[in-house]
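Open the structure in your viewer and get ready to select. This tour goes stop by stop.

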Amino acid sequence: MTDKTLTRMDLSEAIFREVGLSRNDASQLVESVLDHMSDALVSGEQVKISSFGTFSVRDKTARVGRNPKTGEEVPINPRRVLTFRPSHLMKDRVAAGNKS
């Protein structure tokens with residue numbers, strides 16, 4: 001596996017090359033899409049991208065955890081967590097990439 005990370009800049013550069021928008025417009029497009037996704041998730045909506053996957057926010061209740069080193073019980077506060085469920089197509093594509 002590589003240590004490469006896909007960044008916002010990489011996405012906007014790909015849009016610049018493949019779509020032909022200016023670099024500035026491509027960057028604004030990426031920011032706009034990410035803002036819309038973030039706003040939807042903050043308001044509790046799911047974000048479903050066909051053939052990619054679904055992002056959703058889940059509420060976790062308070063519970064008692066345990067420090068694995070000392071065994072001491074520690075309260076864990078309720079919180080909201082972001083989850084991602086990949087589509088079957090994405091799972092298959094990733095699995096096929098692992099075989100190479």
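Predicted model: local features only at pLDDT ≥ 70, side-chain atom pairs only at ≥ 80, totals over all residues.

**Stop 1: one serine**

Select helix H1, residues 8–19. Serine 12 is in this helix. Is serine 12 buried or exposed? Serine 12 counts as buried because its relative accessibility is 6%, and the cut-off for buried is under 20%.

Now show the side chain of serine 12. One of its polar atoms lies 3.0 Å from the backbone oxygen of methionine 9. Next, select Ala26, Ser27 and Val30. Serine 12 is in contact with these three, leaving aside its neighbours within four places in sequence.

**Stop 2**

**Stop 3: the interface**

Where do the domains touch? On the domain 1 side, 4 residues are in contact with 9 residues of domain 2. Together the domains bury about 530 Å² between them. Carbon and sulfur atoms carry 68% of that area.

Select Met37, Ala40 and Leu41 in domain 1. By class, the side of domain 1 that touches domain 2 has 4 nonpolar residues, no polar ones and no charged ones.

Last, look for links across the interface. How many salt bridges are there between domain 1 and domain 2? The count is 0. Polar contacts do occur: 5 residue pairs across the interface, both residues at pLDDT 80 or more.

Methods
Residues numbered from 1 in each chain as written. Heavy atoms only, no water. Helix = DSSP H or I, 4+ residues; strand = E, 2+ residues; numbered from the N terminus. Buried < 20%, exposed > 50% of the residue type's maximum accessible area, 1.4 Å probe, protein only. Polar contact = N/O pair within 3.5 Å; in protein donor to acceptor, adjacent residues only side chain to side chain. Contact = heavy atoms within 4.5 Å. Buried area = accessible area lost by both parts, 1.4 Å probe. Salt bridge = Lys/Arg side-chain N within 4 Å of Asp/Glu carboxyl O. Nonpolar A, V, L, I, M, F, W, Y, C, P; charged D, E, K, R; others polar.
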